[in-house]
Amino acid sequence: MDKNFYITTPIYYPSAKPHMGHAYSSIVADFFARFKRIQGYKVFFLTGTDEHGQKIQRAAEKKGMEPKAFCDEISKTFFDLSKTLNLSNDDFIRTTEDRHRKSVENLWNILENKNEIYLSKYSGWYSVSDEAFYSEDEIETKDGNKISKISGSQVEWVEEESFFFKLSNWQEKLLNFYNDNPDFILPESRKNEVVSFVKSGLKDLSVSRKSFSWGIKVPSNKDHVIYVWLDALTNYISALNYPNIDDNLYKSYWPASLHLIGKDILRFHAIYWPAFLLAADIQPPKRVYGHGWILSGEEKMSKSKGNILDPIEIIETYGLDPLRYYLIKEVSFGNDGNISQEKLENCINSDLANNYGNLCQRVISFIEKNLDLKIPEKYVLKDEDLKILKVYENLFDKLVDSIDKQNINFYVNFIQEQLFAANKYFNDQEPWKKKEDLIRLNTILYVSLELIRKISIMLYPIIPNSSLKALKIFNITEDTIDFNSIKYHEILKINDKLNKISILFKKIENYD
Ligand code: MSP
């Protein structure tokens, strides 16, 4: 079985500092990366910044800066955010790096040599904000402005000499590819959108621009810069040392297991990218998953709309793990989600502080008082104990499968249910009344510890810092944590010393 897993976030435009939408893509990608690692996979997790093109050039001009200096400054804020979010990425790629330029030039040369690219003239609509070409029927007029019906962003008329990629040649081959790889695009609803778009007919794609200079030059014609999406998408192979296809990274991790992206950039990833790759005889990625948007009010957050939520501010107020938990739990994955302070505080108080933090605290304090912080010695499992322990074994395959289909909601709901069940177990069993019946007392505490261990392991991909704090009880560390062990309940070693636990989450006091 393939035990390597390559996951990517989109590479972000460093046109302005990061917001919650960017944090969301990254946190969810980190969730998958961490999950696969504790499942025993070798994981390569990539993120970075997309630094060329007109959008960036204009943003730099507005600040009166050279584009590279401008990118250096803002790319750093994305890099810093990757640390603040505790991302476990293995690399951070910038498209202004030399390794990337070489990789893009190589891909371009292959496409040109294979006759997939020709020189002609583009005249049509272009959105600098989306860095996308739109056809006449994708444009409407609003308040006197021409805008894209798809994204709502402003478009301008462009007429210039341009290289074209023969995308129209790939229509049938792409449809066959989607057919042969039914899970290539998820969720299903987005796949249907893509398939009907491709069926409606693909036109050749303009893949170079001549009217500005901020980009990678076309190797055979330095008057042109390569279209920023062809440039940007190539990052996914540049980071694996493409064009050196004998390199270990490339051999181990390409084709990518999962490109996690927002739904707005699906066309680029699910149509253009596989077409470029197929045309260059490179295998397309295994999956593209288009998640929903984080909305602020009813609208997608964006700088131009001025409705940005700053992840750093939220983290300073509430802490990182509560934000990670909230975004992963509250946003139904694949759909749009609204962010609200009230719901975030509710999550912290009920799920994290009450259900999880308290459970750990109560069980450990009880064991400290009654068993000198040792793993209970003698226990005899009854039906009611086995029932709650065995759920993990019974649902194990389903849990793994749900993650492999990016069904995060199933995974998170399971954790929530098990947190309730574990608290209920401890309350119903009333160990404080069983001090005379040592075997039963030990059994209840053993089971409770096992539940804390299993739930904490399951929480690790979502709230790694807090989960590791809890797993310290058992001396389980990031290097020894093993998802597969949640199946079993004879893991804890009798009489081993447990560690105390500090408070995991503080309740938000002003909330009732
Ligand atoms: N640079 C391109 C991606 C190139 S990938 C080869 C780009 N950058 S972006 O900075 O505009 O957006 C990056 C990602 O952030 C996209 O997946 C986008 O969907 C996501 N988000 C931006 N705003 C968002 C929300 N408000 N909510 C959720 N994610 C959204 O596109």
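## A tour from a hairpin to the ligand

Start by selecting strands S12 (residues 217-218) and S13, which run antiparallel and are joined by 2 bridges. Strands here are DSSP E runs of at least two residues, and helices are H or I runs of at least four, numbered from the N terminus; two strands pair if DSSP finds at least two bridges between them. This is a predicted model, in which local features need pLDDT of at least 70 and side-chain atom pairs count only at pLDDT 80 or more, while totals for chains, interfaces and linings use all residues. Residues are numbered from 1 along each chain as its sequence is written, and side-chain values use heavy atoms, without hydrogens and water.

Stay on the hairpin for a moment: 2 residues lie between S12 and S13. Val-218 stands opposite Asn-221 in S13.

Pick Ser-208, and you will find its bridge partner, Ile-226, in S13.

Now select the ligand and the 25 residues around it; Ile-11, Asp-50, Gly-262, Asp-264 and Ile-294 come nearest.

Finally, show the polar contacts (pairs of N or O atoms within 3.5 Å). A polar side-chain atom of Asp-264 sits 2.5 Å from a ligand oxygen atom, and a backbone N or O atom of Tyr-13 is 3.2 Å from an oxygen atom of the ligand. At Gly-21, look for a polar backbone atom 3.4 Å from a ligand nitrogen atom.

Terms used:
Near = heavy atom within 4 Å. Polar contact = N/O pair within 3.5 Å; in protein donor to acceptor, adjacent residues only side chain to side chain.
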